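Subject: Handover of a structure and notes on its features

Dear colleague,

Please find below the structure that I am handing over to you. My notes on what was found in it follow directly after.

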Amino acid sequence: MAEEKKEEAKKDDEQLIIPDVLPLLPVRDVVIFPFMIVPLFVGRERSINAVDAALTKDRLIFAATQKDITKDDPDPEDLYHSGTVCMIMRMLKLPDGRVKILVQGLARATLNSFLQTRPSYSVSIAKVKEAATPLHGLEVEALMRNVKEQLEKLSTLGKVVFQEVMMVLDNINDPGRMADLVAANLGLKIEEAQAVLDMLDPVKRLEKVSEYLVKELQVAQMQVKIQTQAKEEMDKSQREYFLREQLRAIKNELGDMEESNEEMEEFREKIKKAKMPAEVEKESLKQLERLEMMHPDAAEAALIRTYLEWIVDLPWSHQTKDTLDIEKAKKVLDTDHYDLEKVKERILEYLAVRKLQKKTKGPILCFVGPPGVGKTSLGRSIAKAMGRKFVRISLGGIKDEAEIRGHRRTYVGALPGRIIQGIKQAGTSNPVFMMDEIDKIGSDFRGDPSSALLEVLDPEQNNAFSDHYLNLPYDLSKVMFITTANMTDPIPDALMDRMEVLNIPGYTEEEKIEIARTYIVPRQIEEHGLTKKLLVLPDETLRKVASEYTREAGLRNLEREIASLCRKVAKNVASGKKTLTVINAGDVHDYLGVEKYMSEAEQEADEIGVATGLAWTPVGGEILHIETTVMNGRGQLTLTGHLGDVMKESAQAALSYARSKAKELKMPDDFYKTKDIHIHVPSGAIPKDGPSAGITMAASLISALTKTPIDKDIAMTGELTLRGRVLPIGGLKEKSLAALRANMKTVIIPERNKKDLEDIPVDVRAKLNFIPVTHMDEVMNIVYGKKGKSASKPSAAKKKMKIKTKRRNARAVS
């Protein structure tokens, strides 16, 4: 029946006369072949006019495919010149103004010229004659059968091919008709279908269609292979697969999938905005792609998400602009801190160089000094003066290298090290980064954190610092590192070599009073809800608190005592006594109780066998009263007071020196055989060590042996050799402040420490008589007889003042 209809259509085609001029209908997304019946929706004005023109005549229209389907109003050059003459079989006008038509292709034709473009296209065409086909060619017969078999195989592989098409193919003997029918139902691309339409040789056209069929078969076979593999994978973990798919469907319904996509886009946007180095950005995008491929509930997805959050939150390119106004920075430093000229000068020098050279690397400073002298607050002031962010971490007690370099991501709960955490906290790549207590770093089987700091604090290496967690280089060269320590001895030499050490010694009493008046008192009054109209603390009150209620190099205890005074007054104000309270020096006892400290010099008169030495401690200088007692015995030397090996050796050296000077000092030659000697240093619970007590021990020993008292106002420090030479010592400034706190008048120092007097404040040098010596004989002359030459060269009036022993002229400096 179908064959009969085709024969009738062929006869009709032979009898059909196609005019040379027809309306043109541009079509998109489809190529119409002869004998193909296609429904079309027509909505463009010129196309609707072309349909109307065709319907008013013989219902014939020329259909040509657009090259660019996005053009709504195509020009002649936007159309293929090969097309199909079609018969409009039906037409239906839709409510939205469009027209639906059913057309059937009749014959191939080529477009010769455009006769009209408005209100519709009208073109001149020429019908195309197809080449003759051999009637009984074996090759043609084989090709036709091959095409049928390929199409049947394609339909078995899942390609949608209507059964009616297969039935028609069984009754077609014309290779050209077969090629057109298969091409029309194969779903080819526009370019491929147009190429088939352009081919006039039926056999070649069928060969071309056969090539497309082979390609489609290969694609279909690959699809089947992929589906088979997917099915096998599903069979391996069917339960998990179905559960996850159900969970995915539930999340999709709830909108969670959209949230996941939004999260990926947010990460991608953050990576772009972070302006990372190329290497870092490449790794970030790689990890993001991995995250996109993972199920949101996978364990590793959480790790990668956390890793990406750390990377995008780090300030790779963001940095604050330095305040390069030297005068302004100096004003900020002077406002926040009193004195500390060397430190301030170093910061201003850096700013000056930074102003002249933009690519200067950040300095690595180490503030060394006793607790409470303002090392940490100075770091904040430096950041404020430079206009940078401030970050502080404490290294005290750290024993794990991972605290500095971070943990590797393979460990559960891994995090970056303290350095990267601090940079993230600052939000800029050039903060002032303070690391407190660098002298208190430990080490154990987990590594040595001080060795990990070598890379951080090396300007030649820290431009590519690698944290174990990030595993990416981060530039720390713009960071200004400041470390703090109470002493340099525990710091490894290699780490010490990388830092510029700035010593911040203790404050004198006058400096304490000035700092208290300018900074501490106003701050404490404000913190306790008081005002200057409710509380006044005169300088004499501050002096009494500093000298009799505190004994320290810094200011922490002084601030605590001042806070205690403020609390007492605040209690009275809260009780309703809102009157001005002036706390004079004599009233301090009523507020703070009994004095906590008394000057050691005030506790004793000149005594035999008691010499005053000076010692350095991490919290500043201290005085040591070294006592010696001589008793009848068998020549035994006893040392007590928790002395270290070095101090014990100093005592032995002092005894040997005394024996060598027995005749000059008019002592019996065999005193060391008939006398027992006991040397004791009070505060026996506190460990003591160091060579600087050598001359003090010798003076105490000789005083006890010769029954000669030592002036209580003389303090001394220096290492003693067997030949009596006095060697230099360290910490002269701290020791001098301790002597001043104890109301000493004269300080005996080694000659080679004379250069260190420049570091001692002028007011301290004015109140103490420094006498440099080179030999123990000079010490004996000063202590027991003739006075040495003063290094500080006081005036005659000052010398007269030094002879006086009135307590009101003494000053205690902590």
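**Helix α17 and its surroundings**

The buried residues of helix α17 pack against α15 (402-405), α16 (418-426), β9 (432-436), β10 (465-466), β12 (480-485) and α18 (493-496); contact here means heavy atoms within 4.5 Å. These buried residues are P449, S450, A452, L453, E455 and V456. Helix α17 (residues 449-456) is largely enclosed by the rest of the structure, because six of its eight residues are buried. Buried means under 20% relative accessible area, exposed over 50%, and partly exposed in between (1.4 Å probe, protein chains only). Helices (H or I, at least four residues) and strands (E, at least two) are DSSP runs, numbered from the N terminus.

The model is predicted: local features need pLDDT of at least 70 and side-chain atom pairs count only at pLDDT 80 or more, while totals for chains, interfaces and linings use all residues. Residues are numbered from 1 along each chain as its sequence is written, and side-chain values use heavy atoms, with hydrogens and water left out.

**The protein as a whole**

The secondary structure comprises 30 helices and 26 strands. Of the 814 residues, 46% count as buried. Among contacts between residues at least 6 apart in sequence, 73% join residues at least 24 apart.

**Strands β25 and β26**

Strand β26 (residues 769-773) is mostly covered, with five of its five residues buried. On one side these are N769, I771 and V773, and on the other F770 and P772. Strand β25 (residues 746-750) runs parallel to β26 and is joined to it by five bridges; two strands pair if DSSP finds at least two bridges between them. P750 has V773 as its bridge partner in β26. Between β25 and β26 the chain passes through helix α28 (residues 762-767) in a right-handed β-α-β crossover, meaning that, with the strands pointing away from the viewer, the path from the first strand over the helix to the second runs clockwise.

V582 is found in strand β15 (residues 581-582) and counts as partly exposed, at 38% relative accessibility. A302, in helix α11 (residues 299-313), is partly exposed, with a relative accessible area of 38%. The C-alpha atoms of A302 and L291, 11 residues apart along the chain, are separated by 8.9 Å.

Yours sincerely
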